[in-house]
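Please look at the structure shown here before reading the report that follows.

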Amino acid sequence: MRISRDQAQQNHDRVVTTAAAMFRERGFDGVAVGDLMKAAGFTHGGFYNHFKSKEALSAQALDQAFRQMDDHRAGVESLDDLLAQYLSEAARRAPGKACPAAALAGDVSRQGEPVKQVFAEGFERMVESMAARLPEGPKARGEAIALLARMAGALALARAMPESSDLGREVLAAALESCRADAARLTGEANQKPPELSSGGR
């Protein structure tokens, strides 16, 4: 039985959404196509009706994962809240719903150029979003990159340890304290008044 174009698109989107979560949880190579299709509610044979290859799906799923995070960041008002949510036990325990940069950076490094390009574009949006929350200036982009690298690295390290690990919690706590200190420093520097010009002895 043929299905409508709208239904076909809904089925396609369902597979992508399922993959966006499963890849973050298990990695690209840790998810077989058959298992993915079953989780999405379809048969293995239907995969190639929607995607040319697993790499094509990987790129689409990664893009969706980053865009989910784009939408989430847009709804977080303060930088402090963003830092606290990112470097939290909740994020540590739910990789399928959290940042793909922390979950998949290592995996992406072993993928083809199309997947790497999607990762680069997604991370670029993260950088732009973070820089927009920092005081304007020539160093804002570099500071944003440094903060994000610390955040993603800490979350990835914490996930590499057992959930019961005290060290994993220490990693998140130390990274959060450090990022908060840097955010406060940057804001403080921006609020400092420039030194007054000499009055020439008047």
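## Terms and basis

Angles under 35 degrees count as roughly parallel, those over 145 as roughly antiparallel, those from 65 to 115 as roughly perpendicular, and the rest as oblique. This is a predicted model, in which local features need pLDDT of at least 70 and side-chain atom pairs count only at pLDDT 80 or more, while totals for chains, interfaces and linings use all residues. Residues are numbered from 1 along each chain as its sequence is written, and side-chain values use heavy atoms, with hydrogens and water left out.

## Confidence

The mean pLDDT of the chain (the predictor's confidence in each residue, from 0 to 100) is 92, and 93% of its residues reach 70 or more. Over residues 195-202, however, the pLDDT is below 50, and this stretch has zero contacts in the model beyond near neighbours in sequence; contact here means heavy atoms within 4.5 Å. Where pLDDT is low, the predicted coordinates should not be read in detail.

## Two helix pairs

Helices are DSSP runs (H or I, at least four residues), numbered from the N terminus. Axes are lines fitted to C-alpha atoms, for helices over the stretch in contact, and angles run from 0 to 180 degrees between N-to-C directions. The axes of H1 and H3 come within 8 Å and cross at roughly 80°, and the two helices are therefore roughly perpendicular to each other. Among the residues that make this contact are His12, Val16 and Phe23 of H1, together with Leu57, Ala61 and Met69 of H3. By class, the contact of H1 with H3 has nine nonpolar, six polar and three charged residues, where Ala, Val, Leu, Ile, Met, Phe, Trp, Tyr, Cys and Pro count as nonpolar, Asp, Glu, Lys and Arg as charged, and the others, Gly among them, as polar.

H3 also packs with H7, at an angle of about 10° and with their axes 8 Å apart, and H3 and H7 are therefore roughly parallel to each other.

## The nonpolar core

A nonpolar core is a set of buried Ala, Val, Leu, Ile, Met, Phe, Trp, Tyr and Cys residues joined through side-chain atoms within 4.5 Å, and buried means under 20% relative accessible area, with exposed over 50% and partly exposed in between (1.4 Å probe, protein chains only). The largest such core has 56 residues, and those with the most contacts inside it are Phe23, Leu57, Tyr86, Leu87 and Met151. Helix H8 (140-159) is among the elements that give two or more residues to this core, and H8 gives the most, with eight residues. Tyr86 touches Ala91, Cys99, Ala102, Met126, Met151, Ala152 and Leu155, not counting residues up to four places away in sequence.

In H6, Pro100, Ala101, Ala102, Leu104, Asp107 and Val108 are buried, and what covers them includes H1, H3, H4, H7 and H8. Asp107 has a relative accessible area of 18% and, leaving out residues up to four places away in sequence, touches Gly27, Phe28 and Asp29.

Val33, placed in helix H2, is buried with a relative accessible area of 15%. Val33 touches His44, Phe47 and Lys54, again not counting residues up to four places away in sequence. Val33 and Leu57 are 24 residues apart in sequence and 9.9 Å apart in space, C-alpha to C-alpha.
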